[in-house]
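Welcome! Take a look at it first, and then we will go through some points together.

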Amino acid sequence: MGYALLAGLAAVVVLVSGAVFVGAGVKGAAPDTAAPRGGENAAPASSGAWVGTWSASPASAEPNAPDGHPDASLRNVVHTSVGGSAARVRFSNLFGTRPLTITHATLALAAEPSSPAASPGSMRRLTFGDRSEVTVPVGSAVTSDAVRLNVPAAADLLVTLYSPTGSGAVTHHPHARQTSYLARGDRADDTTGTPYTEQTAYWRHVTAVDVWTNETEAAVVALGDSITDGVTSSLGANRRWTDFLADRLRTERGAPRYSVLNQGISGNRILLDASPTDLKNGPSALNRLERDVLSRTGAEVLVVQLGINDILKTPQQTDPRRIVDGLERITQHAHRRGLRVIGATLTPFGGHRKHNARLEAVRQQVNEQIRRGGVFDAVVDFDAALRDPAAPQRLLPVYDSGDHLHPSDSGFRAMAGALDLDLLMGASPARL
């Protein structure tokens, strides 16, 4: 069945009108309070729960847009990991310099993959506490009310917001590996996609989409750097390792019913925030853990893929014990919130311009301590999955994107394949 037909069928599904409904609330309100009743802006309260289906970490302020995008509609294309019968959207002004006023926001199914056009009948207007307009303070975020929409798994959604005034710095995720769009004027409810003539490689302001579902139990959250961000994956193809993991969880017999949320930021480190000259790398993993992982809707399992940038980036961290200490602190924080933590070994980067024997020794020592146990509840050995047996310091050539650091699409697939799905369902959390 073609994508357009699938999206069209999903859009026309109407839920039983006599159900009791649950709303989403605004600025972190409890998901089962402030409930709208009836209409499109509602979700069924029975037989289901809210689970994140997509997310992206706010990384920094968009460059070259100091006044934001006044009198413009920002249409973000995002890809679901699981489906549901209703949805709600989170918008962030974390790096803003002025309040962000949204006067019109919508959610729709894309008519085709990566298309700015909406599937017929799928356009939904988003509200915030039953109001169509909301102002997001500097450093804050808001979550829309729920809208009834049959959201398929592995589908593209269009999240659009219009602001009539300049918002100042635009909170964005720079390495989306997905084309999104901009149109002049209020075109938030446009279904044709024709006005969306400007393309961007960023996600702007949108940081999460949750679905109401009875098909998914919880979420796996991947906390990582550019390797998790998928910066060398094929554009618009959803071939990050987290996408391949979501495919496995949907299709493999006996797999746990989890969504997958990608919280990778290119250049991210465990111990240090981005430098003032390289802000796009975001706050350190320890500093963003609460916002990007522990607060994700339905989060139950955390997969940690971090450490390479602590070794490579200036100032270089050459004490393996400090890197491991940082990983242990992530595990401890996650345990306090009841999450099970799976940690990844650090992947090969032999042949990269910054590789040398000293840094290789640090990587090997960190991996030795990870494999020995006591750092995480369980381990996924990405190093073993990707390395060249003939030259273990390097990526296997077929898994190398060409820069000797980031995997190719085939490498990302191998990473997802290396994760034993049974580990997701182990005792949570372990005592370490």
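**Aromatic rings and a sheet**

Across the whole structure, a search turns up four aromatic pairs. In one of them, the ring centres of tryptophan 54 and tryptophan 203 are 5.1 Å apart and the planes meet at 80°, so this pair is edge-to-face. Please keep in mind that this is a predicted model.

**The tryptophan pair**

- Distant parts of the chain are linked by this pair, as tryptophan 54 and tryptophan 203 are 149 residues apart.
- Tryptophan 54 belongs to strand E3 (residues 49-55), while tryptophan 203 belongs to strand E17 (residues 203-204).
- Tryptophan 54 has a relative accessibility of 7%, and because buried means under 20%, this residue counts as buried.
- Tryptophan 203 counts as buried too, with 6% relative accessibility.

**A charge over a ring**

- Arginine 88 places its charged end over the ring of tryptophan 50, at 4.3 Å from the ring centre.

**The six-stranded sheet**

- Six strands form an open sheet with antiparallel pairing, in the order E9-E8-E13-E5-E15-E16.
- The edges are taken by strand E9 (124-125) and strand E16 (198-200); each has a single partner strand, so one side of each has no neighbour in the sheet.
- Within this order, strand E5 (residues 72-79) pairs with strand E15 (residues 180-184) in the antiparallel sense, over four bridges.
- To see where the two strands meet, look at serine 73, whose bridge partner in E15 is alanine 183.

How values were computed: Residues numbered from 1 in each chain as written. Predicted model: local features only at pLDDT ≥ 70, side-chain atom pairs only at ≥ 80, totals over all residues. Heavy atoms only, no water. Phe/Tyr/Trp six-rings, centres within 6.5 Å; stacked < 30°, edge-to-face > 60°. Buried < 20%, exposed > 50% of the residue type's maximum accessible area, 1.4 Å probe, protein only. Lys NZ or Arg CZ within 6 Å of the ring centre and 35° of its normal. Pairing = 2+ DSSP bridges.
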